[in-house]
Amino acid sequence: MKKILCVGFGRMGLSHLSIIRGLLNSSDTDITIVDTGFFSRIIARSLVRSARVLNLSDDTKKLIASESYDYVILSTPPSV
């Protein structure tokens, strides 16, 4: 099972995640999506039903740091 972390789920996060899932066997992936936007998290939950969708908090940062990922998509705006 491949583990994917996607930080930021706007237009670019969605497109990059879709590409990676297309290249991999999408049934054999464990996806975690982290985004600060409320509506982005709602969209992520509806589009990627198997994903774990989280808000960026101190607890989330600790959780992410304690796990290892095969792929990381950093798709936040450059200003962030």
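Here is a short tour, one selection at a time.

This is a predicted model, where local features need pLDDT of at least 70, side-chain atom pairs count only at pLDDT 80 or more, and totals for chains, interfaces and linings use all residues. Residues are numbered from 1 along each chain as its sequence is written, and side-chain values use heavy atoms, with hydrogens and water left out.

**Stop 1: a charged trio.** Select K3 and E67. They form a salt bridge (a side-chain nitrogen of Lys or Arg within 4 Å of a carboxyl oxygen of Asp or Glu), and their closest N and O atoms are 3.1 Å apart. K3 sits in strand β1 and E67 in the loop between α3 and β4, so this pair ties together parts that are 64 residues apart in sequence. (Helices, H or I of at least four residues, and strands, E of at least two, are DSSP runs numbered from the N terminus.)

R52 is in strand β3, so here the linked parts are 15 residues apart in sequence. Shared partners join K3, R52 and E67 into one network.

**Stop 2: helix α2.** Is F38 buried or exposed? Select F38, in helix α2 (residues 38-47), and see: F38 counts as exposed because its relative accessibility is 51% (buried is under 20%, exposed over 50%, partly exposed in between, with a 1.4 Å probe and protein chains only).
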